[in-house]
Amino acid sequence: MRGHERFADLPIIFLSSELDPDLQLKALRIGGDDFLSKPVAPDRLTASVRDRLQRARERRRRLHAPEAIDPLTRLATREPFLKRLDWLIGQAYSVKLALADQVGRGGQRAIVYLELDGDEEAMEVLAAEVAARHHADDLAARVGERSVAILIWRVNHESIARFAQDLLYRVSQALTTIGASPRVRGGWYPLTGACQDAVTLLSRAGKAARLSLMRAGEAVDSASSISPQDESARREAAILDAIESERLQLLFEPMFTLTDLKGERYEMTPRARIGDGELLPPAEFVPLAIQAGQAARLDRWLLMAGLDVLDARLRHGRPVMLFIHQTLAGLENDGWIDWVRDQINERDLIRLRPVIQFEIAEADRHLELAVRRARELGKIGIRLCLNGLDLSERSRRVLHALPMTYVRIGRAVIYGPDVESIPWLIRSVKGCGARVIATGVDGPATIARLFGAGVDLIQGPYVQPPALEMDFEFSIREAARF
């Protein structure tokens, strides 16, 4: 059921005499919204049904709100499309299956991407053909000025390719009726468990569309054939060139508070633009930057860009707390801390300092340097966030060695096999005086569980996927609190 778009928000409540808490939790992790143990009082049953229906209506309202529908094409906008992609990625974690096997039967999800060289009239024609030909379970959205993406489920790759090819042909034919000759290209990219970033998935589908024009005119192509293993040398060179040329795009992901914390918080998450528009998440280019000795260059660019954002927000009277990632490999120079202080003073950000993020795995490898830098940052009023907390001895070692203000746990822990240990893990963090951030949160059931465990802040598609602008309305999301 959860594999079909029309049932994605349908409330599912388990009513059972099963008392085993592990089995109850499993029912929620595979897609349930609530679990009521028999016997249940009638008023509690009806209250639960009403509550879940209200939440489902609110989710549908947000999905079909005016800002979620593009006024020109009448398709969905980019944000709900990315949100659905992120939700699917989260589901892959929660049921511990690849996205291709999500509903327990044969099939494959993919993004079909159409890109147009034409005016608004041509864009309306393209959108009309898409709206007329995609299935009820597909999700179509305008994801760029002249581009449309359709999230589809078909039985196999051949069916996906046929749908994409037929759609491209129909669009091309329809465009000839308006007396114009705009070029349209199409491609598709499969959703697999290998890619865990919605922005990257969408950019790879767009890359397939642009590649199709170079390879076969107006024939669709699949970016699944573009294997990093097959062209690793070219890819690495493209990544390093993007870093050296500073072809980086900044996205911002809001953090919603479940406790009494005040103010707006965003994580700054960069993307590297390589090749023909493909956007790579940090996990795919930061390790290579470190290996190639480009970590310091990348870190300084990111920090200056983040400080410029803080400066602009402060001048417009909308200060935010911004989390900026830095690598310890790039901070080995002892002059780094003085440079940071000078950058802050130049922008007069004495009262609005960023939060610096380190990865726990890297901090453990360079623990002495991490401790030294953390103490130096504390002296100039900059707080620290540690990313990648899990149940390992490594995490425990770093947790007790560094003075941190925030600690972030990710999807792999939230939906992993040791989920029952999360409350203990969070108590350990709180015992060190830090706040806990949970990422990859995909819905009310997960939020309720994390709130009960003591999580302070959440990120994920239930809040908002990373976006170019800091436009999240924190004030209207109070309904998400438990």
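Modeller: Let's start with E284, which is partly exposed at a relative accessible area of 30%. (Partly exposed is the middle class: under 20% counts as buried and over 50% as exposed, using a 1.4 Å probe and protein chains only.) Before going on, some bookkeeping: this is a predicted model, so local features need a pLDDT of at least 70 and side-chain atom pairs count only at 80 or more, while totals for chains, interfaces and linings use all residues. Residues are numbered from 1 along each chain as its sequence is written, and side-chain values use heavy atoms, leaving out hydrogens and water.

So who does E284 pair with? Its partner is R204, in a salt bridge with 2.8 Å from N to O. (Helices are DSSP runs of H or I with at least four residues, strands are runs of E with at least two, and both are numbered from the N terminus.)

R204 has another partner too: E278, with the closest N and O atoms 2.7 Å apart. Here again distant parts of the chain are linked: R204 sits in helix α6 (residues 198-216), E278 sits in strand β11 (residues 278-280), and they are 74 residues apart. Now look at how covered these side chains are. R204 is buried, because its relative accessible area is 10%, and E278 is buried as well, at 3%. E284, as we saw, counts as partly exposed instead.

For another kind of pair, go to helix α13 (residues 393-401), where E393 and R396 lie three residues apart, about one turn of the helix. Their side chains form a salt bridge at 3.9 Å, N to O. Both ends are partly exposed: E393 has 47% relative accessibility, and R396 has 41%.

Some salt bridges join up into a group. D70, R142, E145 and R146 are linked this way in a network. Searching the whole structure turns up 30 salt bridges.

How far can you trust the picture? pLDDT, the predictor's confidence in each residue from 0 to 100, averages 83 over the protein chain, and 86% of the residues score at least 70. Where pLDDT is low, the predicted coordinates should not be read in detail.

β12 pairs with β13 in the parallel sense over three bridges, where pairing needs at least two bridges found by DSSP. Across that pairing, F323 stands opposite V355 in β13. Strand β13 (residues 355-359) is mostly covered, with four of its five residues buried.

Key:
Salt bridge = Lys/Arg side-chain N within 4 Å of Asp/Glu carboxyl O.
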